[in-house]
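Open the model in your viewer and keep the selection tool at hand. The stops below say what to select and what is there.

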Amino acid sequence: MNVNILASIWNYATEFLAVNAKPLLQIYVLPGLIFILGFAIIAVWFERKFLARAMLRVGPYYCGKRSGVLQVFADFLKLFMKEIIVPKDMNFLFFAAMPVLVSTVPALALILIPFDANWVLWDIGSLGLPMFFAIAGIAPLIPIFAGWASNNKYGFIGAFRVAYMYISAEIPLVICGAAVAIMAGSFDLVEIVQAQRNMWFAVPQFIGFVIFFLGVIIESERTPFDIPVAEVELVLGWRTEYSGILFGFTMMAEYVMFQAWTLLFITLYLGGFNGPVLGFLGVTGSHIFWMLAKFAFMVVLIVLIRTVYPRLRLDQMLDLGWKYLTPLALLNLALVLGMKMLGVY
Amino acid sequence: MAEESCELKRSLDWVPGSGAVYSVVDYVAGWARKYSIWPIHLVTGCCGPEFMQTSGVQYDMERLGILPFASVRQCDCIMVVGVVSRKMALRVKYLYEQMGEPKYVVSVGACPTGRGPFYDSYAAVPVDEYVPVDVYIPGCPPRPEAIIQGMMILQEKIKNTKRIGVKSE
């Protein structure tokens, strides 16, 4: 009797795994959990080490046997075991929910990215690109709520800066996305990638490429545009009141956001998963390989930009967004329309 | 916070093998805290340049995992760098109370340790009259090597703290 029940459970489990192997792999490994967490861990370590080497320092060294590879784990464990301070007269649930949401909502946008024509976790066809912008448009609301919830003047100023910055950045981004969709003739991310089989959209839409690259850095609050968490002027912006593991979540959010927008940038402009097929990996494997290789290149480039450039002021950022990026994005759209009408593309 | 974690420890003492679990948790906690000291630097005097150089090119405190931070909520350690007057001492106390447990204080230089060259001033106070100090780093100003040795002594102290939860009372 017991053996029968165990055997049927075993059969059920093996059948379940055999049927759902690909979705489970997608959820837990590639666009999912391990990719996000692994990237956050590797990127923090790489960024600290790279910044240190660029400043002729050594960086984390003694934690872990070589090169401080365990530094991130030490930091995470320490944050996990640290006291969480909740200021007086505050709705704790609202205060504590925001850091959790701020790292999970951009992860939702990540599931739309195609790593291969049949390796998309949430394949919704021609709604892909609008859905990405919709989900990524919710994301800046959460830092605003976090700054509001923390009831602190620096947090509040940081929240307003988030609002200013995202509005001035997202309009040119959406216009560029529209130009890409017009050129590819579809909102479907897989079809956009397949339209770039002969030439990456970075070449005919060079203006949009540059705008979107700046937009990726703005959206992920990286250093030339880390205005909402400006470390010297606002203590830590909207993160000021968060302590312990809640602060750890806000730090991770930066990397998840960075990941989602960079992968979208690669999909729209750098040819997505297109690339020469490597024999030993198979078609799907080499597509995933090219996606990850382009992603690694972009990570190195953006970290290098962080080492080199200082931060913009808020008014310079708004000037950039409204006076330069938006008109140039419109110009890009007009050029794309012209190319379409003349039949060049 | 301090009392709660002691309560937890006492209530679980009857479980066989709990002592081993405590020591493993203590070991892991000590390791993580040792390599992840995030100090906030309260630079009020001329030990500041030495402190900057300690984070700078030649001496690089980040090798030990010590990363200076801007906001006191996320920090573990106050480095009092320079002379502390009576008014400033109140701010040191505010900072100390805003920081989450476990928290440490390092007194860098002769002034916060024992008033240093301002020994006959009416205003200067030693910082340990206001907050509990873990490590005193002597010198006027202390060289970066001395500051790094002080931080390593603090690391040893953190590692050898055998209590679940918190350090201070």
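Start in chain A with helices α2 and α10, whose crossing is right-handed (left-handed if the near helix is turned anticlockwise from the far one by less than a right angle, right-handed if clockwise). Helices (H or I, at least four residues) and strands (E, at least two) are DSSP runs, numbered from the N terminus. This is a predicted model, in which local features need pLDDT of at least 70 and side-chain atom pairs count only at pLDDT 80 or more, while totals for chains, interfaces and linings use all residues. Residues are numbered from 1 along each chain as its sequence is written, and chains are lettered from A and ligands numbered from 1 in the order in which they are written.

**Stop 1: α2 and α10 of chain A**

Select residues 33-54 of chain A for α2 and residues 245-269 of chain A for α10; the two pack at an angle of about 110°, with their axes 10 Å apart. Axes are lines fitted to C-alpha atoms, for helices over the stretch in contact, and angles run from 0 to 180 degrees between N-to-C directions. α2(A) and α10(A) are therefore roughly perpendicular to each other (angles under 35 degrees count as roughly parallel, over 145 as roughly antiparallel, 65 to 115 as roughly perpendicular and the rest as oblique).

Now show I36(A), F39(A), A40(A) and A43(A) in α2(A), which meet M252(A), Y255(A), V256(A) and Q259(A) in α10(A). Two residues are in contact if their C-beta atoms, placed from the backbone, lie within 7 Å. By class, the residues of this contact are seven nonpolar, one polar and no charged (Ala, Val, Leu, Ile, Met, Phe, Trp, Tyr, Cys and Pro count as nonpolar, Asp, Glu, Lys and Arg as charged, and the others, Gly among them, as polar).

**Stop 2: α5 and α7 of chain A**

Select residues 128-138 (α5) and residues 153-184 (α7) of chain A: their axes come within 11 Å and cross at roughly 170°. That makes α5(A) roughly antiparallel to α7(A). Four nonpolar, two polar and one charged residue make up the contact of α5(A) with α7(A). On the α5(A) side are L129(A), F133(A) and G137(A), and on the α7(A) side E170(A), V174(A), G177(A) and A181(A).

**Stop 3: where chain A touches chain B**

Show both chains; 28 residues of chain A are in contact with 20 residues of chain B. Which helix gives the most to the side of chain A that touches chain B? Helix α3 (residues 71-80) of chain A does, with five residues. That side of chain A has 16 nonpolar, five polar and seven charged residues.

**Stop 4: the sheet of chain B**

Chain B has six helices and four strands, and its elements run α-α-β-α-β-α-β-α-β-α from the N terminus on. The four strands form an open sheet in the order β1-β2-β3-β4 (chain B), with parallel pairing; two strands pair if DSSP finds at least two bridges between them. From one strand to the next, the twist averages 15°.

Then select residues 77-81 (β2) and residues 104-108 (β3) of chain B, which are joined by five bridges. Y104(B) in β3(B) is the bridge partner of C77(B).
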